[in-house]
Amino acid sequence: MEHEKTFNPTKSRIRALRLSPLNNLAVTCRHCEEPACVAACPREALSQDPNTGVITVDENACNGCAWCISACQFGAMMMHPEKKVVFTCDACKDEKEPQCVKWCPEEALTYVSAQELAQKSRISAVKNLFQEAKEKKS
Amino acid sequence: MFSYAGKILRVDLTTGKVSTEPLTEDMAKSYIGGIGLGIRLLMDNSTPGTDPFDPSNPIIFATGPLSGTMGPTAGNGYAVVSKSPATGGVGEAKAHGFFGPDLKRAGYDAVIITGKAPKLSYLWIDDDKVEIKDAEWLKGETVYHTDVKIKDELGDFYIRVSAIGEAGEKLCRFAAIINDEFRAIGRTGMGAVMGSKNLKAVAVRGTHDVDVANLDGFKEFIKMIHERMKGPATKKYKTLGTPENVLVLNSLSALATRNWTNATFEGAEKVSGEWLNEHYVKKIVGCATCGMRCDHIAVVPEGPYQGSTSRLEFECLWSMGPLCGVDRLDAVIEAMRIVNEYGMDGISIGVVVAFAMDCYEHGVITKEQTDGIDLRFGNAEALIAIIHKIGKREGWLGNALAEGVAKAAEIIGGDAYKYACHIKGLELPGYDLRTLKTAALGFSVSFRGACHLRNGAYSPDVKGKVNRFKIEPGRGKMITDESKMYNVIDSLIVCKFSRGTYYDGWKDLANYYTLATGIPMTVEDMAKAGDRIENLARMFNIREGKGTRKNDTLPWKIENCPVPDEGPAKGVVVNEEEFQVGLSDYYSSRGWSASGIPTAAKLQELGLGDLAPLAEQAEQRGA
């Protein structure tokens, strides 16, 4: 929605996948180190920002050959249904934060630094421990 | 005209002819979408007296104006409308999940399907490309496997499928159409209409954009609804879910038990929402675009039904639990799973089984006729066994019960009619109408037969806003007002679980509509649309001989068997006199005649002048 100004999940940069009711996940770019998509591109249309890890597609250079799509192990590279060039999550770099995080009604997504993530994990780990202890008591 | 696709698809399965026509702005604004648009298309595309299973009876898949947008709940729905094989009047039901938005993105506000395919087929709508494909290889297949196999055949995981199971193929009159594994177009037997057309499924892939008129305003509106969805208005659905009702209704002596023999259930605790969540619910999932996850996925951890998995809501839990006297949730979860496999209405099936059990206990049917199944109330194994028989139409009894309680009672004969709890041919949902009398009145006048979701008439009773042991003047207006709102909700195809998040009621809904479509809609316009849809549906029923005062009735037990349970409700029953007072009050609040027929003036006022001659004829026939 943020990039295309319309409602159309086939143009979305984050995709929900449900294999079964008990098995759901949102899939998007992992901003890998040494990303396979960039390495696979024969036209140097893809580049990675060294600071943020965001992958940028040069739409003039991309010819839609889809090598990056087969290279990405996370299924995060997508083909634009009309432009016929690839696209992927750019963490909404022109906005304050990724819009998926802002809009997720269940607050299931977060956008954090490694430091913040570690802190969050610590807090929830300790919470879980206390919860377990509590349950054992009762 | 934004957010509408602006196009209606027509498919004739007999000839294979496919065509499209535009949706006019006038039609869009007058009937909104969903059931409103669907019922108008049904009226205009059918001839009076057509048998629901006749190839010329159209079945209409309709999206709403908000389908395909990011609107929570409204973005993901669709409705199916046809003449109902259960009631002979308007049949309609809605489902959410993921199918609706794809149909909209494929470019259609509605699909009108007529005719009968020469052999079992499925309809494949791939944006503008529409194809009727062979489905003989899917004959007898469960809904879920049909879904998976069609996706496999077409080679795309993201294709959405809405399908029938064996029950639909075999014309069970309460067969459902199911998408996304357990999201059902449940009520009024729409699956059987598909079966009668040799139509196993509709598969759709939509890739077009859905644009709204005012994107910034629309985004702001849905952000607000998202925030409200995190609050108290949806708490019930996100925590215990609708099974919370079990103990609430039980405490009010309103939990219909053993086919409306009792109004409380001694095993309520063991089939309560609390028990379900503690022992069986493994995960709560949601539909596309919705922030109000409500699907409680229950898994049986041990015992004979170990591993059985299904989504369970109050109505189905009640119909196959307390109503059949069954206090074992593992059996109810398994029953729900197989009901979804056969593709049946989870409310009707329980009422049908309870009816059979009641007949059996009263000696109206014998053990020989049940093929040896001991159909006593409370026998969980018998419940599962008879569901299989009904789904397959196996044996004399299985075949009779697949006709629904109204027709089954005729087949069985004798006193069976006394135990058939239905209104207009549709089985009652989960409320004891003897102790919830506004609901009794509201359900009796619903245009699709016994239904709690046509006007929500149980709500004032359960919430204690009225004396629920009485029908008094004034109830008619309550039902009238709510029915308008419910009609609009089902035409926008907003999920009823979210109705509490529209704090400003009509104002919110009118605003939502205008932001999306760009068509100006005032609060008055919208309420009038709700009234228009009710009158239109009533006129369809009148045209088919099912819509006047003599059709607004209550089941025998509700009027003849006082509640036997100790407590405040002991001895309560609906008497015919108060019921008739209630009907008159309702008709007058609607601007209908004493026969329950809309007056010509009323129809003119609503822009339904074309139907006035029909109303006058019915009035002259003396209703």
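Why does Y513(B) count as buried? The relative accessibility of Y513(B) is 0%, so this residue counts as buried, a label applied under 20% relative accessible area, with exposed over 50% and partly exposed in between (1.4 Å probe, protein chains only). The structure is a predicted model, in which local features need pLDDT of at least 70 and side-chain atom pairs count only at pLDDT 80 or more, whereas totals for chains, interfaces and linings use all residues. Residues are numbered from 1 along each chain as its sequence is written, chains are lettered from A and ligands numbered from 1 in the order in which they are written, and side-chain values use heavy atoms, with hydrogens and water left out.

Aromatic pairs were examined next. Over all chains, the structure holds 17 such pairs, defined by ring centres of Phe, Tyr and Trp (its six-membered ring) within 6.5 Å; planes under 30 degrees apart count as stacked, over 60 as edge-to-face and the rest as tilted. Y4(B) and Y513(B) have ring centres 6.3 Å apart and planes at 70 degrees, so their pair is edge-to-face. This pair links distant parts of the chain, 509 residues apart: Y4(B) belongs to the segment before β1 (7-12) of chain B, and Y513(B) to helix α21 (residues 506-517) of chain B. Helices (H or I, at least four residues) and strands (E, at least two) are DSSP runs, numbered from the N terminus. Y4(B) also counts as buried, at 7% relative accessibility.

A tilted pair is formed by F221(B) and Y512(B), with 4.6 Å centre to centre and 40 degrees between the planes. F221(B) lies in helix α7 (residues 215-229) of chain B and Y512(B) in helix α21 of chain B, so the pair ties together parts that are 291 residues apart in sequence. F221(B) is buried at 4% relative accessibility, and Y512(B) is buried at 0%.

The contact (heavy atoms within 4.5 Å) takes 23 residues from chain A and 33 residues from chain B. The buried area, which is the accessible area (1.4 Å probe) that two parts lose on being put together, summed over both, is about 2,400 Å², and carbon and sulfur atoms give 60% of this area. F7(A), R18(A) and W103(A) supply 31% of the area that chain A buries against chain B, more than any other three residues.

Across this interface, 3 salt bridges are found, each a side-chain nitrogen of Lys or Arg within 4 Å of a carboxyl oxygen of Asp or Glu. R293(B) forms a salt bridge with E106(A), with the closest N and O atoms 3.1 Å apart. On the side of chain A that touches chain B, β1 (15-20) and α3 (99-103) of chain A are the elements that give two or more residues. The largest share, 5 residues, comes from β1(A).
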